[in-house]
Amino acid sequence: MGAKARKASKKAIKKASSQFPNSDSKTASADFLPLEGGPREIPETKPLQSNATVLYVGRIPHGFYEKEMEAYFQQFGAIKRLRIARNKKTGKSKHFGFIEFENPQVAEVVADCMHNYLLFEHLLQVHLIPPEHVHPKLWRGFNYKFKPVDYVQIERKRHNKVRTLEEHKKLVEKIIKRDTKRRKRIEAAGIDYECPEIIKSKVVLLKLPSKPVLVPQHEVGSGQSAPKKIKFDED
């Protein structure tokens with residue numbers, strides 16, 4: 001292609017491009033008409049501020065309880081309420097809890113700083129809870145000092161309670177029934193073993209000057225225990 005042909009092709013390209021104006025040019029094309037009242041300004045969108053003040057704290061280590069948590073998290077800001085989930089029977093910590101701050105900005109800072117924070121070989125899990133997801137009964141009894149139930153004392157009272165004559169007979173019958181089942185299992189297993197005899201209780205009528213009293217007694221046997229207290233109906 002010669003020089004004249006190149007010049008002719010360039011002129012043809014310029015004419016074709018002049019028929020389609022660029023979008024950058026100040027003159028708008030007929031396909032895109034200007035809006036009435038001039039160009040509109042798009043308002044600047046501000047980031048939404050969180051109103052959450054309640055934090056979930058998970059993987060709480062052993063020994064880091066209410067007093068320690070309150071003293072530690074007070075360095076960020078004022079704490080409104082604090083609660084650690086505990087077992088209703090034993091009172092032991094379930095290793096997660098909730099903290100409510102008075103300022104939502106403080107709660108957001110705590111969630112950013114303390115999430116995955118290594119504390120006593122535990123990585124704390126701290127998350128913000130939106131207000132609509134906070135359970136209405138979350139803070140019920142949060143300041144209650146838990147007193148674990150003394151089940152040993154309850155069982156001691158049940159075992160040492162004063163029984164009636166019928167209750168005492170039922171107790172002895174249950175003991176004998178369990179012993180016979182045990183003996184049958186031992187015989188079925190082919191074990192040659194002589195089980196010790198069960199100490200059976202008897203009720204003896206004692207005549208005292210005032211009135212007759214029924215007193216339980218035990219047959220002679222090894223490991224004799226003290227008789228149970230039995231309450232009899234007065235005629």
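Helix α5 covers residues 165-188, which makes 24 residues. At 1.5 Å a residue these should span 34 Å, and the end C-alpha atoms are 35 Å apart, so the two values agree. The model is predicted. A search of the whole structure finds five salt bridges.

**Helix α5 and its end**

- H168, V172, D179 and I186 are buried in α5.

- D179 pairs with R183 in a salt bridge, with the closest N and O atoms 2.7 Å apart.
- Both residues lie in α5, four residues apart, about one turn of the helix.
- D179 counts as buried because its relative accessibility is 9%, under the 20% cut-off.
- R183 has 25% relative accessibility, so R183 counts as partly exposed.
- A network of salt bridges links D179, R182 and R183.

- R158 forms a salt bridge with E155, and their closest N and O atoms are 2.5 Å apart.
- Helix α4 holds both R158 and E155, three residues apart, about one turn of the helix.
- R158 is partly exposed, at a relative accessible area of 44%.
- E155 is also partly exposed, with a relative accessible area of 39%.

- R81 forms a salt bridge with E100, the closest N and O atoms lying 2.7 Å apart.
- This pair links distant parts of the chain: R81 is in strand β2 (residues 79-86) and E100 in strand β3 (residues 93-101), 19 residues apart.
- R81 is partly exposed, with a relative accessible area of 23%.
- E100 is buried, with a relative accessible area of 8%.

**A buried arginine without a salt bridge**

- R163 sits in strand β7 (residues 163-164).
- R163 is buried yet has no salt bridge.
- The nearest side chain of opposite charge to R163 is E167, 5.3 Å away; a salt bridge needs the atoms within 4 Å.
- The R163 side chain does reach the backbone oxygen of H159, at 3.2 Å.

**A nonpolar surface patch**

- V149, Y151 and I154 make a nonpolar surface patch of about 280 Å².
- V149 lies in the loop between β6 (125-129) and α4 (151-159).
- V149 counts as partly exposed, at 39% relative accessibility.

Technical notes: Residues are numbered from 1 along each chain as its sequence is written. This is a predicted model: local features need pLDDT of at least 70, side-chain atom pairs count only at pLDDT 80 or more; totals for chains, interfaces and linings use all residues. Side-chain values use heavy atoms; hydrogens and water are left out. Helices (H or I, at least four residues) and strands (E, at least two) are DSSP runs, numbered from the N terminus. Buried means under 20% relative accessible area, exposed over 50%, partly exposed in between (1.4 Å probe, protein chains only). Lys and Arg count as positive and Asp and Glu as negative; His and the chain ends are not counted. A polar contact is a pair of N or O atoms within 3.5 Å; within protein, one must be able to donate a hydrogen and the other to accept it, and residues adjacent in sequence count only if both atoms are side-chain atoms. Patches are made of residues with over 30% relative accessible area and no salt bridge: like charges are joined within 9 Å, nonpolar side chains (Val, Leu, Ile, Met, Phe, Trp, Tyr) within 5 Å. Accessible areas come from the Shrake-Rupley method with a 1.4 Å probe; for residues, only the protein chains shown count as cover. The expected span of a helix is 1.5 Å times one less than its number of residues.
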